[in-house]
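Student: I have a model open and want to go through its secondary structure. Can we take it piece by piece?

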Amino acid sequence: RKDNTGYDLKQLFIGAEGSLGVVTGVSLLAPPRPKSVQVAFVGVKSYATVREVFSAAKRDLGEILSACEFMDSTALRLVLRHLPGTHAPLADEHPFYVLLEASGANADHDEEKMTAFLEALMTRALIDDGVCTREPSKVAAIWAVRERIAEALNKDGAVYKYDVSIPLPRLSDLVDDSRARVGALARHTVGYGHLGDGNLHLNITADAFTPELTGAIEPFVYEWVGAESGSISAEHGLGLMKAAHIHYSKSSGMVDVMQGIKGLLDPNGIMNPGKVLPAPVAAGDRAAA
């Protein structure tokens, strides 16, 4: 229900990673399961074309568009290499892929809308190949290619994982710049993610975690994201490993406010200590700095 009375403490606790208190009860409003679900998987020549496909999907599929994901060719190649039982949705390899899901209440209407959308993309030469299905087993098989990328990367070696959000036009640029920076130090540099909210999963695999490779990646990735006014943690939170890097996404004033809230609600510092926020700077240390 709508409620605009005071601060929304519920949202504050949801985003706090357990550092402000313990959630003892949850109430969920579950929407009805869609009567119609269909998935399209298309191959395109460039990331610029990925963006054009996404723009067209928002315009032409409208209310039935329920997901729009992208991945590069390296991501799909590693899934097929490391995960037996997975199959390439398309016969040939393409530089980038887009997975689109449409969910609605009228299967015939939704299929007609999706078919017209894909035909328009082909006419405009935006996609080189594609497949569309509403058969549940085939839908699940296509989604598995996207959802199991992280599993495949874990089998490729040591993985440096970054979950960032930046302006949509720049997602592939970060992957390209990271690949060029790490060079032969890494096995693979992979990009995939959620187009709807500019969320990129940047993954770099190597034979092992090494100081040399870590130094090449960090703080480079954080600085790159900060320069784009992005977030160094779009979905998964800061936790312990990224707490000290929060300043790349939040100003010192905002961090001070957060630490003030933490001190008020958890004065003894016992709630998930060391997570989310950097260690407070003592007054004497701050004056010396």
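Student: How many of the residues of S3 are buried?

Tutor: Nine of the nine residues in S3 are buried, so the strand is mostly covered; buried means under 20% relative accessible area, exposed over 50%, and partly exposed in between, with a 1.4 Å probe and protein chains only. Strands (E, at least two residues) and helices (H or I, at least four) are DSSP runs, numbered from the N terminus. This is a predicted model: local features need pLDDT of at least 70, side-chain atom pairs count only at pLDDT 80 or more, and totals for chains, interfaces and linings use all residues. Residues are numbered from 1 along each chain as its sequence is written, and side-chain values use heavy atoms, with hydrogens and water left out.

Student: Which residues point which way from S3?

Tutor: Phe 96, Val 98, Leu 100, Ala 102 and Gly 104 point one way, while Tyr 97, Leu 99, Glu 101 and Ser 103 point the other way; all are buried. In a regular strand the side chains alternate between the two faces of the sheet.

Student: What is the strand order in the sheet?

Tutor: The order is S4-S1-S3-S2-S6-S7-S5, an open sheet of seven strands with antiparallel pairing. Two strands pair if DSSP finds at least two bridges between them. At the edges are S4 (129-133) and S5 (158-165), each pairing on one side only. From one strand to the next the twist averages 15°.

Student: How many bridges join S1 to S3?

Tutor: Nine, and the two strands run antiparallel. Ser 36 stands opposite Gly 104 in S3.

Student: And over how many bridges do S2 and S3 pair?

Tutor: Seven, again in the antiparallel sense, with S2 covering residues 65-72. Leu 65 has Ala 102 as its bridge partner in S3, and Met 71 is opposite Tyr 97.

Student: Which strands does H2 touch?

Tutor: H2 (residues 47-60) packs on the sheet and touches S1 (36-44), S2 and S3; its direction makes about 10° with that of S3. H3 also packs on the sheet, touching S2, S3 and S6 (188-194), and its direction makes about 85° with that of S2. Axes are lines fitted to C-alpha atoms, for helices over the stretch in contact, and angles run from 0 to 180 degrees between N-to-C directions.

Student: Switching to H4. Which residues are buried there?

Tutor: Asp 110, Met 114, Phe 117, Leu 118 and Leu 121. Seen down the helix axis they fall within an arc of 95°, so they line one face of H4; the arc is that of the directions from the helix axis to the C-beta atoms. These buried residues pack against S1, H2, S3 and S4, where contact means heavy atoms within 4.5 Å.

Student: What does the face turned away from the buried side carry?

Tutor: The exposed residues Asp 108, Glu 112, Glu 119 and Thr 123.

Student: What caps the N-terminal end of H4?

Tutor: Asn 106, with a side-chain oxygen 3.2 Å from the backbone nitrogen of Asp 108. After H4 comes Ala 125, whose phi is positive, near 60°.

Student: Last one: is Thr 86 buried or exposed?

Tutor: Buried, at 14% relative accessibility. Thr 86 sits in the loop between H3 (73-82) and S3 (96-104). Its side chain reaches the backbone oxygen of Val 79 at 3.3 Å, and a polar atom of that side chain lies 2.7 Å from the backbone oxygen of Leu 83.

Technical notes
Polar contact = N/O pair within 3.5 Å; in protein donor to acceptor, adjacent residues only side chain to side chain.
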